[in-house]
Amino acid sequence: MAETATWQWHVVMPLDDLWEGEMEAVEVDGRSVLLVNHEGEVYAYKNRCPHQEWPLHDGDLDEKELTCANHLWVFDVTTGKGVNPSNCALIGYQCTVDDDGNILVGLA
Amino acid sequence: MSRFVLVGGGVASAATATGLREAGFDGEIVIVAAEPHLPYERPPLSKEYLAGTFAVEDFRANPEDWYAQHDVELVLGTRVEALRPAERRVSLSDGRALGYDALVLATGVRARTLDGFAGERVHALRTLADSQRLGERLSAGRHLVILGAGFIGCEVAAVAAERGVRVTVFEPEPLPLGRVLGPEFGRAIVDIHREHGVAIRTGEVVTAMTETGAGLELTTRDGEIVACDELLVGVGSVPNVELAVEAGLAVERGILTDEYGRTSAPDVYAIGDVAERLHPEHGRRLRVEHHDTAVKHGGNLARTLLGHAEPFTGQHFFWSHQYDHNLQSLGQLTGEGETVIRGSVEDRSFAIFSLVGGRIAAMVALDRPRDVLQARKVMGVPHEVTAEQLADQDVALKSLLPRGAGARRSEVVR
C-alpha cells in the first residue's frame with residue numbers, strides 16, 4: 001500500500017517565484033499549503049501549526065528552522081520535525097519540481 | 001536501573017520525560033500528578049477551552065498513547081506527601097513509597113484566594129476542572145464579576161463577553177497590567193474591553209461578598225452593592241513549595257535553584273513556575289510563570305539529568321489572546337532603561353521596547369508578530385540599536401542583525 005501513489009499532483013507555481021530562504025502560502029485544491037525553499041530543495045506542508053492550527057506563513061524562516069509567529073514553536077523544514085518542542089511535527093505533502101521548473105504538490 | 005521521579009502534571013514534567021526518552025534514556029520515568037488528567041497545557045484554560053473551541057485532546061502535552069509507548073509511568077490523581085532527600089525517597093498519597101535517583105519538582109502554582117470569597121458561585125482558574133466549571137456557568141445574559149484585571153482576568157473577560165455574558169472587572173490599580181506592560185498597553189487593553197461591552201472599573205476594590213438566594217452581592221470599598229451571578233477571583237498565584245519547605249530545601253519566592261535547576265538538596269531539581277532559578281544573563285534568580293519557559297526548563301533538565309548540563313539562558317516569552325488581539329512579550333519587563341514605542345498606539349498595532357545600554361532588554365507587542373519574531377533574533381545575539389532605529393518603522397528590525405546571505409533564486413537542476 002505504501003508504495004502506491006494515491007495522491008494527485010497539482011502544478012502550483014514556478015520555482016523561480018520562490019527564492020531560496022523563502023516560504024509562501026498557496027491554495028491547492030482548497031487547502032492552504034506552505035511551500036518552503038531551503039537551499040534549492042522545495043518542501044510542502046499543511047499551512048497550520050500542529051500546536052493550535054495557526055497559519056505558518058507569518059512565521060520566520062531562518063536557515064532550516066521555521067518559527068511559528070504565534071507561540072514561537074520551531075520546526076525543521078527539511079524533516080518537518082519539531083525542534084522546540086520536539087514532540088510534534090508538521091504535516092507534510094508530496095512535493096517535487098518538474099523539468100519545466102514548476103513546483104508540484106501531491107495531495108491525497 | 002535509574003529511576004527519575006517527576007512531580008507535577010504540567011508541561012514541565014512532560015517536557016522532561018519527552019527529552020529523556022528522545023535522548024535515549026532507558027531507565028524508569030514516573031510522573032506523579034495531583035490532577036486526574038494526562039499532562040496538559042494550561043494557556044487554553046482561559047482561552048480556547050473556556051470558549052469551547054478546543055476539546056481536552058487538543059492541548060495535551062503529549063498524545064494519550066505516548067506514555068505507554070515510551071514506557072513512562074503515570075501516577076495520576078496522587079500527591080507526593082513527603083520528600084526525604086537523605087533517603088532519596090518520596091511518599092505518595094496512595095500509600096506507596098518511591099525511591100529515586102533524581103527527583104524533579106514541577107509542582108507549579110495555585111490560584112491565590114481571598115478570605116471571605118468562597119462558595120459555590122466563586123471561581124478560580126488554574127486547572128481543567130476550574131475551567132470546565134466556570135465554562136458551564138457562562139451563559140448569555142448572566143453577570144460575571146472578575147476581581148483582578150491580570151492576564152487570567154482579561155482573557156476570561158474576553159471569552160465571557162464573546163459568549164454574551166455581562167462582565168464587570170474590578171482592578172485596584174489605575175490601569176490593568178500597567179505595572180507589567182506599561183501605561184500605553186494598559187490603556188489599550190481597557191479600551192478594547194470597553195468596546196466589547198466589558199465594564200472595567202479601575203482603581204476600585206471589592207471588600208466583601210454575601211450569598212443571596214439568587215446570586216452574590218458584592219460590596220465595594222465605596223459602599224456600593226453590586227449583584228452578580230458568578231465571581232472569578234484572579235488575583236495572582238501562590239507557588240506550590242510546601243513539599244520542598246517541609247523537606248528542608250532552600251525556598252524564597254519559589255524553590256531556589258542554580259542555573260542548571262539544581263535545588264539545595266542533592267539529586268533534587270525544580271523547574272517551571274515553582275522554581276526560582278538563577279538566570280546567568282540576568283545575573284539573578286527569577287521565578288517565571290510562562291508556559292514556554294516551563295517547556296524549555298523541561299528540555300534543558302533532561303540534558304542535565306543525562307550528564308550534559310548546560311545553564312538555561314533562554315529568553316522569556318509569553319502570549320495572550322483577547323478577542324482578535326494578540327499580545328506577545330519577550331524578555332523581562334522590569335521598567336528599567338529607556339522605553340521606545342514602535343508603531344501606532346491609536347491603531348493598536350505597536351510594540352514597546354525596553355532599551356538598556358544600546359540593547360533591547362525586553363519587548364511587548366500588540367498585534368505585531370513580525371516585530372516579535374525579528375526582535376527575538378536580534379535579542380539573541382550581541383547588537384547595538386538606538387531608540388530612533390527602534391521607533392522608525394522603515395528600519396526593519398532584522399536589519400539590525402549581523403549581515404547574512406540573502407535570498408537567491410534556485411537553479412532548476414533537472
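Tutor: Chain B is divided into domain 1 (3-110 + 238-305), domain 2 (113-233) and domain 3 (324-413). These bounds come from an automatic or database domain assignment. The centres of domain 1 and domain 3 of chain B, taken over C-alpha atoms, are 33 Å apart.

A word on conventions. The model is predicted: local features need pLDDT of at least 70, side-chain atom pairs count only at pLDDT 80 or more, and totals for chains, interfaces and linings use all residues. Residues are numbered from 1 along each chain as its sequence is written, while chains are lettered from A and ligands numbered from 1 in the order in which they are written.

Start with the side that touches chain A. There, 19 residues of chain B are in contact with 23 residues of chain A (contact: C-beta atoms, placed from the backbone, within 7 Å). Four elements of chain B each give two or more residues to this side: α1 (11-22), α9 (291-305), β22 (317-322) and α10 (369-379). Helices (H or I, at least four residues) and strands (E, at least two) are DSSP runs, numbered from the N terminus. α10(B) gives the most, with four residues. By class, the chain B side has eight nonpolar, three polar and eight charged residues. Here Ala, Val, Leu, Ile, Met, Phe, Trp, Tyr, Cys and Pro count as nonpolar; Asp, Glu, Lys and Arg as charged; the others, Gly among them, as polar.

Now the two helices α1(B) and α9(B). They pack at about 35°, with axes 7 Å apart. Axes are lines fitted to C-alpha atoms, for helices over the stretch in contact, and angles run from 0 to 180 degrees between N-to-C directions. α1(B) passes α9(B) in a right-handed crossing (the near helix is turned clockwise from the far one by less than a right angle). From α1(B), the contact takes in residues including Val11(B), Ala15(B), Gly19(B) and Leu20(B). The contact has 10 nonpolar, seven polar and one charged residues.

Next, β22(B) and its sheet. Five strands of chain B form an open sheet in the order β22-β23-β26-β25-β24, with antiparallel pairing. Two strands pair if DSSP finds at least two bridges between them. β22 and β24 (338-344) of chain B stand at the edges with a single partner strand each, so one side of each has no neighbour in the sheet. On average, neighbouring strands are turned by 15° against each other, direction ignored. β22(B) runs antiparallel to β23 (residues 325-331) of chain B, and six bridges join them. One of the paired positions sets Gln322(B) against His325(B) in β23(B).

α10(B) lies across β23, β24, β25 (349-356) and β26 (359-366) of chain B, and runs at about 10° to β23(B).

β4(B) pairs with β5 (residues 89-92) of chain B over four bridges. Within that pairing, Ala82(B) stands opposite Ser91(B).

How values were computed
Contact = placed C-beta atoms within 7 Å.
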